[in-house]
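Here are my notes on this structure, written for someone who has not seen it before. Please read them with the sequence and the model open.

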Amino acid sequence: MDTDTINAIVLFSNFILVPGMTYGAQLALGALGITLVFGVLRFANFAHGDMMAFGTMIVVMITWWFQSLGITIAPLPTALLALPLAIVISMSVTLLNDRMIFRYYRKKRSSPSTFVIASTGVMFVFNGIVRFIIGPDDQRFTDGERFIIKAREFKKMTGLDEGLSIKVSQGLTIVIAIILVAALFWFLQRTRTGKAMRAFSDNEDLALLSGIDPERVVAITWIITAALATIAGTLYGLDKSFKPFTYFQLLLPMFASAIVGGIGNPVGAIVGGFVIAFSEVIITYAYKKFLIYAVPPGWAPDGLMQLLSTDYKFAVSFMILVLVLLIRPTGIFKGKVI
Amino acid sequence: MSYLSATGMRGGYGGVDILQGCDITADKGEIVVIVGPNGAGKSTAMKAIFGMIDLREGDVRLGDKSITNLSPQDRVKEGMAMVPQTDNIFTSMTVQENLEMGAFLRRDDIYATMEHIFDLFPILKDKRHQAAGELSGGQRQQVAVGRALMTQPDVLMLDEPTAGVSPIVMDELFDRILEVRKTGIAILMVEQNARQALEIADKGYVLVTGENRFTDTGAALLANPDVRRSFLGG
């Protein structure tokens, strides 16, 4: 392989593969929460993005508190240390929220659309609480080492023109996502409670006839969802930055991920997360430099070779969502039809 | 006094009474079949006995205990099990997981019961790791009955277990139900295939417009000219 090809591969990895994997893992964790709530509670939870923002806000504040006390776990970000406590808090808040709002509609046996509207209300409330407490601005809470591999070091090491950089936040996102997904699937496939959750999602009436306690299943679903949302939000915040509004915007790609994969199906949520993430990254990347390496000299393009400006990245998930709903509403892995 | 006795049941959906004071009783080791024309309230009677609809009048007793005011879930705890007519398996779960879910309330070792069910329905043992939704209609019914039996119930209720299966499968299923009876539990069954069901019944009820019209042994009902003419097609 000649140097140009290797440079092209490194460039591709640096700007598409690594960011796509990271963003995909973050979307997958978010979409898993959406899909679990849809499977068990049977409604699309529009509050999921803002629940993520809420959980992350708690992490940010605990991180600041730890930092002020001088507690850090360098080279890892202090936010990791703050996570467990923040997860417990957001689990409690989520359960309280269910008890105060969603349980009432369950008792009334309200239609899924009523639930969706109620969740929209919850979304606004969480949105307001987060802005009230921490404000609408960007918040920095990253510390510790920033890079696993720096582009400059990579260039020096390999002698290539192109560098590959991997941020700590990116490495952490992928490792934590793998651990969480493995744990979640073990829980769903192997434990009594996990199986009860799947049974309840599959056939609610029969689950009741089998003596499965619906309130317990619902509570466990919220607990898992709160944990996933807080972790996904924190990883996203470490990777980019924490700004409440971006979490609300993540709702669209997260829902697109869940639906593309097949809503109600956890495997689908993960695959969907990567499909959406890579579509966004691939379509909005400017290929000029990549092509200069990849094509014979003289064929190099003059333009940026960018299909869509990054400003329109949300249009990508929206288009995919519309296409899936038109062509295959059950998604890749045969989830439920919305 | 029978083990399961539902007396003077009156009630239905909303304000309309479908059951007009009907009685159903069943003893352990007995197959009891409810037959009757469409709209006679067969399934409604079944649902009422299991607590899925509220009764306006009447009493349901299990052993020496009144269970009239218990929810279906609590009746499961008391030893009743129900196989609904449709949607009676967890389609996305394996056969074995379906059985495990049937035994959800039990804290003791369920694998002896599971082996017993595999003896009863050998095909389920072969397909234990397959998703139940991928099985044929007759096999699905076996999963459904197996799931219900996992609670080790005293009363097994089947709502039209042979609906939509072929005659051969129906015969096999009835054979299995006879096997289940040998374990000494009460079996209460609603059936459209009245003639075949009455052949295996120890007791049969013919319901018409929510009332008991005929009650007798299965054989006697099959021999009764009135029953034959009106309900069994001659």
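1. A residue is called buried if 20 or more other C-beta atoms lie within 10 Å of its own, exposed if 12 or fewer do, and partly exposed in between, with C-beta atoms placed from the backbone. Helices (H or I, at least four residues) and strands (E, at least two) are DSSP runs, numbered from the N terminus. In strand β6 (residues 80-83) of chain B, B:Met80 and B:Met82 point one way and B:Ala81 and B:Val83 the other way; all are buried.

2. This is a predicted model, in which local features need pLDDT of at least 70 and side-chain atom pairs count only at pLDDT 80 or more, while totals for chains, interfaces and linings use all residues. Residues are numbered from 1 along each chain as its sequence is written, and chains are lettered from A and ligands numbered from 1 in the order in which they are written.

3. Chain B has 10 helices and 10 strands. Of its 234 residues, 45% are buried. Its radius of gyration, taken over C-alpha atoms, is 17 Å, which agrees with the value near 17 Å for a compact globule of 234 residues; the globule rule is 2.2 Å times the number of residues to the power 0.38.

4. Chain B holds an open sheet of 6 strands in the order β6-β7-β8-β3-β9-β10, with mixed pairing; two strands pair if DSSP finds at least two bridges between them. Because β6 and β10 (211-216) of chain B stand at the edges with a single partner strand each, one side of each has no neighbour in the sheet.

5. Strand β6(B) runs parallel to strand β7 (residues 155-159) of chain B, joined by 4 bridges. B:Met82 has B:Met157 in β7(B) as its bridge partner. On β7(B), 5 bridges make a parallel pairing with strand β8 (residues 186-190) of chain B, where B:Asp159 stands opposite B:Val190.

6. Which elements of chain A give two or more residues to the side that touches chain B? In total, 13 residues of chain A are in contact with 17 residues of chain B, contact meaning C-beta atoms, placed from the backbone, within 7 Å. The elements are α7 (192-202) and α8 (204-209) of chain A, and α7(A) gives the most, with 5 residues.

7. Elsewhere in chain A, A:Ile89 lies in helix α3 (residues 79-107). A:Ile89 counts as partly exposed because it has 18 C-beta neighbours inside 10 Å.

Technical notes: Contact = placed C-beta atoms within 7 Å.
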